[in-house]
Amino acid sequence: MVLLRRVIGDALRARRQGQHRTLREVSSAANVSLGYLSEIERGQKEPSSELLAAICDALGARLSEVLREVSDTVALAEQMPGVLVPVAGEPAEPVARPSVRKVAPQGVRQVTADGPVSVAVRQDSPLKATLRTNRVRPAERDVVCAA
């Protein structure tokens, strides 16, 4: 099962690391303790909307961009069989199978309404998986590995 706090943490960590910034730099800029920011990035704590906005501001990102990325990841997880399961007692809704092509040993690519999306899935344990999505840039669209 994919946890929202885990996907939020992964999105924030990816942005921070993409900027080659340390936890200390971002925690100072966001006015949040280093340990708490670390817990958020690891998916152990779920930030309030105010704190999430402060972290996004410290990263120079719009809150809407981060939430859109998180939403895309969760939407893809909902389409992948066995990743998200219905809550006991609730009927499972039929989900159309996405067209998926392998692009890397750990990833898949899916074309969405907004364009191609690269999805990496890491199975952390039998009950926990981490999904990471990225929009595929035009130059990357032609790079597809056969499986």
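**A guided reading of the predicted chain**

Of the 147 residues that make up the protein chain, 33% count as buried, where buried means under 20% relative accessible area, exposed over 50%, and partly exposed in between, with a 1.4 Å probe and protein chains only. The structure is a predicted model, in which local features need pLDDT of at least 70 and side-chain atom pairs count only at pLDDT 80 or more, while totals for chains, interfaces and linings use all residues. Residues are numbered from 1 along each chain as its sequence is written, and side-chain values use heavy atoms, with hydrogens and water left out.

The protein chain contains five helices and four strands. Both kinds of element are DSSP runs numbered from the N terminus: helices are H or I runs of at least four residues, and strands are E runs of at least two. Along the sequence, the elements follow the pattern α-α-α-α-α-β-β-β-β. The accessible surface of the protein chain comes to about 9,200 Å², of which 53% belongs to carbon and sulfur atoms; such areas come from the Shrake-Rupley method with a 1.4 Å probe, and for residues only the protein chains shown count as cover. Contact means heavy atoms within 4.5 Å. Among contacts in the protein chain between residues at least 6 apart in sequence, 53% join residues at least 24 apart.

The interior may be considered next. A nonpolar core is a set of buried Ala, Val, Leu, Ile, Met, Phe, Trp, Tyr and Cys residues joined through side-chain atoms within 4.5 Å. The largest such core has 20 residues, and L12, I55, V66 and V70 are those with the most contacts inside it. The elements that give two or more residues to this core are α1 (4-18), α2, α3, α4 (49-58) and α5 (63-79). Helix α4 supplies the largest share, five residues. When neighbours within four places in sequence are left aside, V70 is in contact with L4, V7, I8 and A11.

Two further residues illustrate how parts of the chain that are separated in sequence come together. R15 lies in helix α1 and counts as partly exposed, at 26% relative accessibility. Not counting residues up to four places away in sequence, R15 touches L59, A61, E65, V66 and E69. R15 and V66 are 51 residues apart along the chain, and their C-alpha atoms are separated by 9.0 Å. L67, which is placed in helix α5, is also partly exposed, with a relative accessibility of 40%. From L67 to A11 the separation is 56 residues in sequence and 8.9 Å in space, C-alpha to C-alpha.

Helices α2 and α3 can be examined as a pair. Helix α2 (residues 23-30) and helix α3 (residues 34-41) pack at an angle of about 110°, with their axes 9 Å apart. Axes are lines fitted to C-alpha atoms, for helices over the stretch in contact, and angles run from 0 to 180 degrees between N-to-C directions. The two helices are therefore roughly perpendicular to each other, since angles of 65 to 115 degrees count as roughly perpendicular, those under 35 as roughly parallel, those over 145 as roughly antiparallel, and the rest as oblique. In this contact, L23, R24, V26 and S27 of α2 meet L34, L37, S38 and E41 of α3. By class, the contact has four nonpolar, two polar and two charged residues; Ala, Val, Leu, Ile, Met, Phe, Trp, Tyr, Cys and Pro count as nonpolar, Asp, Glu, Lys and Arg as charged, and the others, Gly among them, as polar.

E41, in helix α3, is buried, at 4% relative accessibility. Residues up to four places away in sequence not being counted, E41 touches G9, D10, L12, R13, R16 and L23.

The loops on either side of α2 complete the account. Most residues other than glycine have a negative phi. H20, in the loop between α1 and α2, has a positive phi of about 55° although it is not a glycine. H20 is exposed, with a relative accessible area of 74%. N31, in the loop between α2 and α3, has a positive phi near 60° and is likewise a residue other than glycine. At 72% relative accessibility, N31 counts as exposed.
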